[in-house]
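Hi everyone, thanks for making time this morning.

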Amino acid sequence: MNRRTVAILILAALAIHVWPFFLWLSNTGAHENAFVLPFQNTTSGRKKPFITEKFIIPDQGDRMVHVASLCEMPGGKFVAAWYGGTREGAKDVAIFLSFLDPRKEGSWTEPEVVVDRISASKELYRYIKKVGNPVVFSDPMDRLWMIFVTIPFGGWSCSSLNVKISNDGGDTWTDTTRLTLSPFLNISELVRNNPVLLRDGRFGVPIYHEFIGYFPEILWIKVKKGQDACIEYGKTRIIGGRDYIQPAIAVSNELSACAFYRCRSEKRKVGMGTTVDGGATWSAARKLEQANPDASLDVVTLSDGRFLMAYNDSFNKRENLKLALSNDRGKTWQAVATLENSPGHEFSYPYMIKSRSGDVHLVYTWKRKRIKHVVFNEAWIHSMEKTSVEKREHQ
Amino acid sequence: MIATVFSFLFPSLVIMMLLQMGTHRLNWKTVGWRPALILFLVSVFIASFPVKGLPLGRWLFSFNANFSITLTALLFCRVWQKAMGIKLFRPIDFQAAWIFSAITGLVLYPMALGMGPFDPYTAGWGFSWLSVKVLMITIILAFLKNRFAVVLLLAVLAWNLRLLESRNLWDYFTDPFLTIFSLVMLIIRGIESLRKRPLRETR
């Protein structure tokens, strides 16, 4: 290399960094780390306590279903997604969707396959061994999003995340886009629980990593301005380590939120972290007194600011499903209702949302054979709380 | 689209390297434009050949979608040398590549896989301290007239053009295979230099 070549090389190096620098400069201040609080302060139109329970799908016989998620679209329709097949991780596992329009007949539509390993392979133009863990959510532009897991080889630790978007309420979907979220072969990234919306249009999707380390993260994702088919994304770590996964985020106000973690270590207690800057940074995890049998849990914020948790109240089994309330932003919890309790059976992976009408919608895996949908209002929770307090006082 | 087309380059280069090794064993002369072009076209054909409905190259891609630009460039240097008889990289350029890749991998992977609360991978989503460091290393290498500077330049260019599936700058510089290869090469070179040292002393 002579001097001229060196000069050209240095100029080229500087020039090539100009474009990313310009993009960074133009985006400075564009990210507004403030949570949107939709429907949080809405209370149910129905004042009297009520609870309804129904199954989204009929008994699956020998087939299994698992990991359901749910969202309400701007039109008021509900969408549920889950995966099912002959067994967990089998090649015939597909991701199903079902719809519910409460203004019409009020029953869930026949489940339809939205993606399986064959269609994912075609769309991603690569080998896919299995699919799983769908999370559905809708954005203010009436787009329906689905983030799910694909696995090219190995087990859940070899998962990577993918996105599909529907602009017509789930009738048609864009081709699958694979997200690169890990530098190590892009494996071990999974998704679970309800995303949070930010003021700048980004979604903070609770994701987690499980390979050598086990830790919760947030995927920041949005559609590029003016480009419907193009998404922007990145991720940040909530905490490191090997103890906690599957964060469930409950928002308190525009800047504050708490994350509650599934515990996969021997501690078997729910973990908790807090943010006061819209999810940009999180506190170290604290161990709560709440038991956790290495199972997923979910939390929503009620209109009075209290947190409601759906969880398995056990150190090692998923045989019950309970609801608990926290009056102190998640530090302590009081069980208020038992939704399921049947030894020898599994009730797991609760997923809760608050609807526009103020009701709480909960879906969960019922004995691995069905997905159950439970709807109740805050008046019902208050009545259950009153009953449980009276019981404790009586004892 | 551009990333899909580009994804065939790495498997094609791997196949071409294997073909070059095969032809060398058979004592076939494959140095020169014409045999190199034929070998490259054959390699591209093999990489595009469908196996169970998927091109062979995409099978490799299924297991790792982001072979770094650095690894691709080092592979290209090797293939080019065998094809044309011209060394694009001198030993010192290779050494710079191995040191850079080994350090990058040793910094990135443990932390990205969960060691500690800090995740350096976050810095790769856009312009950040990572870009500044890479720019500085490129300038220093250019001043030292080290040809590895060109590879770093190409990696950033590829990142701007989104030639890989990943949108993270780290993936354009390094990958686990490159890190392991670089560490192995540095260890081999280290052992070699240790072996040579006593000989010098006895002279």
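Chain B has a mean pLDDT of 93, with 97% of its residues at 70 or more. Please keep in mind that what you see is a predicted model. For the model as a whole, the scores are ipTM 0.90 and pTM 0.93.

Now to the interface itself. On one side we have 50 residues of chain B, in contact with 40 residues of chain A. Together the two chains bury about 4000 Å², and carbon and sulfur atoms account for 68% of that area. Which three residues of chain B give more of its buried area than any other three? They are B:Leu113, B:Trp125 and B:Phe127, which supply 19% of what chain B buries against chain A.

Let's turn to the polar side of things. Between chain B and chain A there are 14 residue pairs in polar contact, counting those with both partners at pLDDT 80 or more. The rule also finds four salt bridges across this interface. One to look at on the screen is B:Asp119 with A:Lys235, where the closest N and O atoms are 4.0 Å apart.

And which elements of chain B give two or more residues to this side? There is strand E2 (54-55), and then come the helices: H4 (56-63), H6 (91-112), H7 (129-143), H8 (148-161) and H10 (176-202). Sorted by class, the side of chain B that touches chain A holds 31 nonpolar, 12 polar and seven charged residues.

Technical notes
Residues numbered from 1 in each chain as written. Chains lettered and ligands numbered in written order. Predicted model: local features only at pLDDT ≥ 70, side-chain atom pairs only at ≥ 80, totals over all residues. Heavy atoms only, no water. Contact = heavy atoms within 4.5 Å. Buried area = accessible area lost by both parts, 1.4 Å probe. Salt bridge = Lys/Arg side-chain N within 4 Å of Asp/Glu carboxyl O. Polar contact = N/O pair within 3.5 Å; in protein donor to acceptor, adjacent residues only side chain to side chain. Helix = DSSP H or I, 4+ residues; strand = E, 2+ residues; numbered from the N terminus. Nonpolar A, V, L, I, M, F, W, Y, C, P; charged D, E, K, R; others polar. pLDDT = per-residue confidence, 0-100.
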